[in-house]
Amino acid sequence: MLSIKNLHASVEGKEILKGINLEIKAGEVHAIMGPNGSGKSTLSQVLAGNEAFEVTEGEVTLNGENLLDLETEERAREGIFLAFQYPVEIPGVSNLQFLRTAVNAMRTHRGEPEMNAAEFMKLAKEVSKQVDLDPAFLKRGVNEGFSGGEKKRNEIMQALLLQPKLAILDETDSGLDIDALKVVSDGVNALRAKDRAILMVTHYQRLLNHIVPDYVHVLAGGRIIKSGGRELALELEERGYGWLGIKEDEAAAAN
Amino acid sequence: MKPAPTLSSAFLQPSGNALPGPLLSLREQRGTALVDMPLPTRKTENWKYSSKHLKLSDKLATNLPAGSATTSAAEDGYRVVFRNGVIDPQASRLPQVDGLTVQRFADLSDDEASALAGRLDNTLDTNATQMARLNTARFEDGLLITLKPDAVLSEPLFVIHEVTATASGSAFPRIYVDAGRHSQLTLVEEYVSSGDQPVMVDTVTEFMVADGAQITSIRLTAEDQNVQHIGATGVRQQRSSRFESHCVGFGGPLRRHDLQLRLEGEGAECKLNGVVVTQDKQHYDNHTCIDHVAANCNSEETYRNIAAAESHAVFNGRIHIHQDAQKSNADMNNKNLLLSTGAEIDTKPELEIYADDVKCAHGATIGQLDETSLFYLVSRGISRREANVLLTMAFINELVTQIPVEQVRDSANERLNRFFDDTFEEA
Ligand SMILES: Nc1ncnc2c1ncn2[C@@H]1O[C@H](COP(=O)(O)OP(=O)(O)OP(=O)(O)O)[C@@H](O)[C@H]1O
Ligand SMILES: [Mg+2]
């Protein structure tokens, strides 16, 4: 489904991604772990199309189509979804209006009729229950004044509404209490499907108890330096990153 | 040194004579005082950014002839229609409410007219509103709204100011509201135009607000691109009265509005909201001035400017807290959004505080649409155009939704949508 070959990207002239290679097939769940500042969010943002990052080399295809040629909104319509590490607060745009506009943009793209306000309200209420978010949050500004955990649940709610082909979850587990982690994991597991793939960035093995990945990769210094099965995550939990030959300070920052 | 430009004598020719004697003599007397009136220049502080857009060619010196009917925005409800500065009684629909009288200046008795002549301009600092003085020398008709104590008009009264620009000239509409104790009124002023010749609208609206009266003034400025619009609104508020103002303005070759309030009785409060939207090479200049004269008064002011393309918006907000105005509470906030690198916004808060026990807050910001927010929206499949619209609307939505008359909200939204169509390209 997603194929990344020798991807290099930089921001403000500084190279962050230094040759990423990654193959993700439909139905698979991949976890990316790695020290702070190693480029995990950069990879996520580059895949979603953030123009603040410049791709200097390499290629990315989604179902054979060149992803890097597409505008951000086109990527989203082709099925890329990024749950942000830091969801953006947008006062003045109601969450409901935002979600409906997004869902209708997708529907229009698929040639389906738009949902009217009443139809959408019904759907939004159902999905907000699924992520245990009070429907009152629909009326508030997008993420405005949401707690960290509420923002993450709002991201998963969007994923459930938009039904992406590839969901990239950037630390969707961080800042969640134990119950919320369960709710979010259930949401992600509900997304798992034969024709869908999930790429999740996390620092914690505990998420992987809830969402069992098929593959675990370690991203350090802008490269994937090790890949394995879920047992790799357990090993990392026990031994840290030091044994992989990552610089001491980077390893320290990861804990 | 070049002598300062003065008002052309062409502007001081007598205009129509359909007014009662006392108003005619007032007009003549004010006209005489305008001989050699210096016109604002770049060096005139309150016209610094706008003087170059004020084009008083002699072609504008004649009053436009009372125009013919076009569509009016308010089909139902109470309305008064000014056509080229003269009231059209046929097109108007007046409320029949106890304690409320709505009269044309032209229909006033000599006694009424002479009482009014003694009061016109009394709400304004005419040193700061040069063009209001020209209005007083030139108005041909006007609307006098008198509310007796406790009179309440529960529905809004629309005043439609239409100019028909089939030839060049000017219109000088005039409104005077005398709101008695505990009376209530919502007045909507809509400025619209047809025709494409260069014209000027020089308009003045005054409110005398007695103890406990509650007045809401809504003003929508939306004439075409051949119209220079210069307006002044003066308000004097007595004890425990409340004045609420909602101004929505769309740009033009020149748009200027001076809003002056004097809080003269204890416990008076005012709330001023303003939204300005400019595009192309348009220019819009809002000058507001709130005088806290008496103690224990509140003022709350929120203005938002949005400037696209090569347009220019100006906000100058003055708050003057007089020596005796202890326990004044003044809050002024102006936020500005630049939608292009060629647009310009100038904002200036001016605070003069002579009392020691006051709360006075002010803030002004100028920014662009937030890239991170835009990225977040488009990453959900929302088009760039729609994302721009959502964020721009978010900037003013709070003020638009506060406009208490649905018809005006709708009409503002419709014009905003046209602005978005012009400003944000389809994907
Ligand atoms: N807009 C930017 N301008 C400058 N540097 C940036 C920018 N965005 C990211 N970086 C830098 O790129 C590097 C990689 O950042 P990134 O956010 O991808 O790390 P990460 O692996 O997600 O870290 P964390 O685990 O802390 O979330 C960091 O050194 C960061 O400071
Ligand atoms: Mg990160």
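Buried area is the accessible area, found with a 1.4 Å probe, that two parts lose on being put together, summed over both. In this predicted model, local features need pLDDT of at least 70 and side-chain atom pairs count only at pLDDT 80 or more, while totals for chains, interfaces and linings use all residues. Residues are numbered from 1 along each chain as its sequence is written, and side-chain values use heavy atoms, with hydrogens and water left out.

Chain B and chain A bury about 1800 Å² between them, with 66% of it on carbon and sulfur atoms. Of the area that chain B buries against chain A, 42% comes from B:Phe375, B:Tyr376 and B:Arg380, more than from any other three residues. The contact (heavy atoms within 4.5 Å) takes 33 residues from chain A and 17 residues from chain B.

Three salt bridges (a side-chain nitrogen of Lys or Arg within 4 Å of a carboxyl oxygen of Asp or Glu) are counted between the two chains; one of them joins B:Arg384 to A:Glu71, whose closest N and O atoms are 3.9 Å apart.

The magnesium ion (ligand 2) is coordinated at 2.0 to 2.1 Å by A:Ser41 and A:Gln85, where donors are N, O and S atoms within 2.8 Å of the metal (3.2 Å for Na, K and Ca), and water is not among the atoms, so sites may look incomplete. In the table, buried means under 20% relative accessible area, exposed over 50%, and partly exposed in between (1.4 Å probe, protein chains only).

| Residue | Relative accessible area | Class |
|---|---|---|
| A:Ser41 | 23% | partly exposed |
| A:Gln85 | 15% | buried |

How values were computed: Chains lettered and ligands numbered in written order.
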